[in-house]
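Colleague: I would like to learn how to read an interface and a nonpolar core. Could you take me through a case?

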Amino acid sequence: MRKTILIIDDSDDDVFLTKTVISRIRPDIATEIAMSGDDVLLFLRDCKTLPSLILLDLKMPRMNGIDLLQEMRAISRLRRIPMVVLTNSELESDRKACFEAGADDFLQKATNLDHFTKDIECVLERWLDASKKQL
Amino acid sequence: MKKPAFRTRKTKSKATKAGRAKSLPRKPIKPKSEIRDSKSQKELLLENTKLRRRLAEAEETLNAIRKGDVDALIVSGPQGEQVYTLKGAEQPYRILVESMNEGALSLTENGIIMNCNTAFAQICGASSGSLIGSSIRDLVSETNIDKFETFWKQACERETRGELELKFDSRTVPVFISTRARIIEGEYWVFVVVTDISEQKQNEAELEKYRTHLEQLVDEKTEELRAANEELLVANDELAMRNTELEMLNNELDSFVYSVSHDLRAPLRIMEGFAKIVSEDHGEKLDAEGRSYLARIRSGSERLTKLIGDLLGLSRVARQSVKKMDYDLSSLVSSVVSNLREADPARNTEVIIAKGLRDSVDPDLMRIVFSNILGNAWKFTSKTEKAKIEFGARDQGGKTVYFVKDNGVGFDPTYMNKMFLPFQRLHSEEEFEGTGIGLAIVERIIKKHGGKVWAEGAVGKGATIYFSLYNTKPGSKRP
């Protein structure tokens with residue numbers, strides 16, 4: 001079965017870039033998109049197959065990344081899904097808060113496409129392929 | 001009056017009346033009120049005449065005593081006549097008293113002057129003859145009468161000393177009086193030494209005047225100082241307030257620069273990312289012209305990315321605090337040079353690094369400084385044959401000044417002041433790439449260390465960047 005990655009980001013451009021980069025390196029992986037925390041919770045409630053990995057932005061209107069992490073971690077069937085924060089923030093305080101809220105990894109969005117591609121590769125390798133055994 | 005008893009004189013006397021004794025009235029005057037009450041006018045006149053005669057006689061006697069003409073005298077009193085003798089051995093003593101600078105007096109218990117020396121007469125500005133027989137009270141100034149009575153009471157008891165003011169006609173004289181009371185052969189005597197302290201008083205007054213004046217001056221100056229101090233405090237407060245305001249503005253500006261740069265980066269990332277994807281995945285669908293336009297979009301966005309990165313670096317440096325420690329600058333420079341060589345292995349550049357230069361610095365910040373300065377030297381010697389870069393230190397007025405010298409393209413010294421301003425470039429992007437922020441970052445870091453940075457150079461003759469890490473005042477800043 002095709003693995004699915006859920007990308008959560010309020011910026012259409014960012015979502016599209018991440019999606020494109022993923023499809024360039026791993027065309028076998030499907031992506032789902034959510035633009036807000038409410039969308040995510042709705043999607044996760046109704047979806048038949050859970051995503052294998054969740055990539056989420058931090059700075060979002062209303063429910064921000066940290067709130068969302070806490071909400072999702074409270075849902076027991078999502079407990080084992082790896083959640084990786086992808087953000088423009090370079091603040092150590094944000095990083096710490098994310099891990100406390102249940103994030104598995106914290107990545108700064110690289111400006112340079114090559115660097116960003118490399119980062120995504122690493123994330124997939126570590127969290128998507130490794131999580132296969134766990135799920 | 002009875003004739004006096006006769007005594008043989010032991011001393012030789014020049015006086016003709018030698019050996020004669022004089023009689024002196026004892027307690028001759030009764031209180032006036034008593035006289036007025038009990039006696040008629042005729043009686044009073046008679047008494048008066050009698051008294052005058054006795055006084056004249058007394059004066060004569062005293063003068064005779066003073067001059068040594070008489071060595072004994074008889075005083076008639078209520079207890080009958082009494083003989084007062086002046087022993088011959090006492091004569092020199094009397095002369096001593098007479099020649100003293102201080103006034104000397106002997107008085108009765110009632111304060112009648114029985115004898116006084118010339119010095120006292122001089123103090124009073126009168127003849128001793130006129131003083132003898134008078135009451136000492138008549139010589140005390142009105143304002144001092146009460147004081148005198150207390151004083152006299154003590155004097156009669158035993159002895160006392162103190163200051164008093166005497167008055168003669170309209171003239172007042174401050175005196176120091178020292179007394180001693182004695183009973184001699186049943187008679188009560190008060191001996192008094194009087195010192196004129198006019199001069200001392202005058203000096204004291206003068207001194208007091210100066211002291212008051214001085215105090216006044218000190219007060220005035222103190223007041224002036226206090227006022228000046230107050231002004232200074234107010235000025236200081238204002239300055240502190242301005243400083244705080246300025247600091248706040250600076251901080252605001254820094255956070256503004258930071259957030260703008262940060263927010264600019266997000267859309268730029270999209271532009272740069274997709275430009276690259278188009279170029280890589282769809283480039284073959286474009287013709288040469290299209291590909292060149294795309295290349296320009298990409299290089300433009302790459303430059304903007306670098307610029308924003310540098311701006312973020314500058315604002316990060318501005319917000320960062322300096323954590324100093326003793327650090328080996330020579331090896332820091334070596335490490336930076338190694339990175340440069342790694343990134344550009346084809347280049348053959350001679351780099352001379354002075355060994356063992358250590359200083360108290362923030363190593364992370366100093367790495368940024370050397371990366372920028374050496375990066376510049378590396379960049380600007382890229383077109384130089386036999387490129388050479390040197391790091392060293394020299395002593396300037398007792399303070400260490402570090403330098404990085406290169407033999408690259410150099411710069412026009414006219415624009416030297418602009419070198420350290422952000423975005424200021426002395427070379428075109430085509431000649432040498434760069435954002436113009438590197439030296440601004442360097443200056444910020446050096447300033448944070450409490451030092452200064454400056455440059456020397458000329459077109460085609462290389463450049464030298466100097467910096468100090470403490471409050472050094474470079475003497476030959478300008479080339």
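Modeller: The size of an interface is often given as the accessible area lost when the parts come together. In this predicted model, chain B and chain A bury about 1600 Å² between them, and carbon and sulfur atoms account for 52% of that area.

Colleague: How many residues does the contact take from chain B and from chain A?

Modeller: Chain B gives 16 residues and chain A gives 18 residues.

Colleague: What is the count of salt bridges between chain B and chain A?

Modeller: There are four salt bridges between the two chains. One of them joins B:Glu280 to A:Arg24, with the closest N and O atoms 2.8 Å apart. Five residue pairs are in polar contact between chain B and chain A, both residues being at pLDDT 80 or more.

Colleague: Which helices supply the side of chain B that touches chain A?

Modeller: On chain B, α7 (198–282) and α8 (288–319) each supply at least two residues of that side. The largest share, 14 residues, comes from α7(B). By class, the side of chain B that touches chain A has eight charged, five nonpolar and three polar residues.

Colleague: And how should I read the cores?

Modeller: In soluble globular proteins, nonpolar side chains tend to be buried together. Here the largest nonpolar core has 42 residues, and those with the most contacts inside it are B:Met366, B:Phe370, B:Leu374, B:Phe391 and B:Phe467. Helix α10 (residues 363–380) of chain B provides the largest share of this core, eight residues.

Colleague: What is B:Phe467 in contact with, leaving aside its neighbours within four places in sequence?

Modeller: Its contacts include B:Met366, B:Phe370, B:Ile373, B:Tyr402 and B:Trp454.

Note on methods
Residues numbered from 1 in each chain as written. Chains lettered and ligands numbered in written order. Predicted model: local features only at pLDDT ≥ 70, side-chain atom pairs only at ≥ 80, totals over all residues. Heavy atoms only, no water. Contact = heavy atoms within 4.5 Å. Buried area = accessible area lost by both parts, 1.4 Å probe. Salt bridge = Lys/Arg side-chain N within 4 Å of Asp/Glu carboxyl O. Polar contact = N/O pair within 3.5 Å; in protein donor to acceptor, adjacent residues only side chain to side chain. Helix = DSSP H or I, 4+ residues; strand = E, 2+ residues; numbered from the N terminus. Nonpolar A, V, L, I, M, F, W, Y, C, P; charged D, E, K, R; others polar. Core = buried A, V, L, I, M, F, W, Y, C linked by side-chain atoms within 4.5 Å. Buried < 20%, exposed > 50% of the residue type's maximum accessible area, 1.4 Å probe, protein only.
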